[in-house]
Amino acid sequence: MATISDLRDAVSVELGDGVHAFVKRQCEACALVGPVLAALMVEQRIASVFSQDDVSFPAAVTAVGTVGDETDLRRSVALSIETVPTLVRIQGGVEVERVFGWNIAEWSAFIGRDLTDTFGSLPPWRPGCGAKNLDIGMPETLAVRFGLTSVKSRRIELAAAEDEHEAMYARGWSDGLPLVPPTEERVMRMLAGTSRRSDEVVAVVPPDLGDCTVEKAAINAVM
């Protein structure tokens, strides 16, 4: 199983040294700083700009360069992006600092150039928006996508044309009442409701006296 540290290291090396920006179209603060990002890219103070939802945004950046496609959110997960806009500085393959939201004084210090001379007409501060990788349900979906789940139970593979509900009935998982398929995403959301380790044994189940872990309980709770 991959770890977030493995993914972070791989993405940091992939991005290379420099400052990398993360934005999304559905964020007023990101739209506000579009011209700032474009100017900093022209000045080669920013190495790349990644958009979480639209590679044609910000338009000011596409007018002078290329916006990286971050719609799969892989880099955002690896770098634990929580707010957009975010600027991340990478040196020697590791992150050394970041700044998020829009604060002209903080950005000036981060970039090493006084931005008030060019962008003093902009509001001095905006809080930014939640990153797309933290939208409801996305953390679990992305964890499954990138192999970062903690679920250890056996997976049951179903054929493409197989009805998942009928498959559960056919396997004897139900006494006739409706079931909810216990997908990895759903099980992870259920496990998020407890502070216990997923492999902690909480009961012994007859007649075979098998161990019931927190994870097994979560799977049955989903069903």
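The model is predicted: local features require pLDDT of at least 70 and side-chain atom pairs count only at pLDDT 80 or more, whereas totals for chains, interfaces and linings use all residues. Residues are numbered from 1 along each chain as its sequence is written, and side-chain values use heavy atoms, with hydrogens and water left out.

**Aromatic pairs**

Two aromatic pairs are present; rings of Phe, Tyr and Trp (its six-membered ring) pair if their centres lie within 6.5 Å, and planes under 30 degrees apart count as stacked, over 60 as edge-to-face and the rest as tilted. Select F22 and F50: their ring centres lie 5.5 Å apart and their planes meet at 25°, so the pair is stacked. F22 belongs to strand β1 (residues 18-23) and F50 to strand β2 (residues 48-51), so that distant parts of the chain, 28 residues apart, are linked (strands are DSSP runs of E, at least two residues, and helices runs of H or I, at least four, numbered from the N terminus). F22 is buried, at a relative accessible area of 0%, and F50 is buried at 8% (buried means under 20%, exposed over 50%, partly exposed in between, with a 1.4 Å probe and protein chains only).

Next, select W102 and W107, whose ring centres are 5.0 Å apart with planes at 75°, so this pair is edge-to-face. Both W102 and W107 are buried.

**Surface patch**

Finally, select I156, L158 and W173, which make a nonpolar surface patch of about 240 Å². Patches consist of residues with over 30% relative accessible area and no salt bridge, like charges being joined within 9 Å and nonpolar side chains (Val, Leu, Ile, Met, Phe, Trp, Tyr) within 5 Å; a salt bridge is a side-chain nitrogen of Lys or Arg within 4 Å of a carboxyl oxygen of Asp or Glu. I156 lies in the loop between α8 (138-145) and α9 (164-170) and is partly exposed, with a relative accessible area of 32%.

Technical notes: Areas by Shrake-Rupley, 256 points an atom, 1.4 Å probe, with all protein chains shown as cover.
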